[in-house]
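Morning, everyone. Please look at the model on the screen. I'll start with the domains and then move to a pair of helices.

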Amino acid sequence: MNKGVICLFDVDGTLTKPRNVIEPGFLQQLLALQSRVPIAVVSGSDFAKVAWQLGGEPVMEKIGYVFSENGLVVHRFGKLIQSTSIVDYLGEELIQKFINYALGYLSKLELPRKRGTFVEFRKGLINICPVGRSCTQAERDEFAEYDEIHRVRERFVEDMRKNFGHTELQFAIGGQISIDVFPKGWDKRYCLQFLTDFPTIHFFGDKTAQGGNDYEVFSDPRTIGHTVQSPKDTSHQLNTLFPFP
């Protein structure tokens, strides 16, 4: 076991394809790695979705740290050890004002498709999705391609910063289709407070450019950041960093 070293992973685009389940061979590689280097995962999604993506709750019991909702909900080997609520911190008045604004902005967007669940409220963040989280995988991919050209989410974030930059809210583009909204400082760096026993933290993420939801933890001086292009690339980088004898 490498003492003082831990590997911290984003989920979507890093361990799995967006909103997909981890490949069995890659999962076995991660669990084998944990026999030598502790592993942790951090995601803006809730615990149930992270568990589904990584193979179910029995797998969660084998992972040292699972930080769902950016670390506002913390599980240690499958057991809940801490949970913090965005409502208690921001208050109902600001939350309602923001949600009303977001729904108004979304109502004016013309996109190739719109489905349902445009605002998803979680314990640690509010997830805004222009196409709607109930879209199919094909519709998700279609929006991602459209967004790449028309910068729908980027423009939305600019507008949110203009209207709510004076508040405690922070905004980050995440995954293929959504935007995460959370209190300032409650990005993925939030989870680092639980990893103080590890002087060396290797972080792996795909949205590491400024404005992406991996940027802050990737660029934090407490981590060694690794940008990945896909789960296959993550696997390759792990084999290079921690080769099996």
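Across the interface of domain 1 and domain 2, the rule finds 0 salt bridges. A salt bridge here is a side-chain nitrogen of Lys or Arg within 4 Å of a carboxyl oxygen of Asp or Glu.

A word on the source. This is a predicted model, where local features need pLDDT of at least 70, side-chain atom pairs count only at pLDDT 80 or more, and totals for chains, interfaces and linings use all residues. Residues are numbered from 1 along each chain as its sequence is written, and side-chain values use heavy atoms, leaving out hydrogens and water.

Now the domains. The assignment gives domain 1 as 5–72 + 186–241 and domain 2 as 87–183; such bounds come from an automatic or database assignment. Their centres, taken over C-alpha atoms, are 23 Å apart. In contact are 16 residues of domain 1 and 17 residues of domain 2; contact means heavy atoms within 4.5 Å. The two domains bury about 1500 Å² between them, 48% of it on carbon and sulfur atoms. Buried area is the accessible area (1.4 Å probe) that two parts lose on being put together, summed over both. Which three residues supply 39% of the area that domain 1 buries against domain 2? They are Arg-19, Glu-69 and Trp-186.

Next, two helices (DSSP runs of H or I, at least four residues, numbered from the N terminus). Phe-143, Tyr-146, Asp-147 and His-150 in α6 meet Val-152, Arg-153 and Arg-155 in α7.
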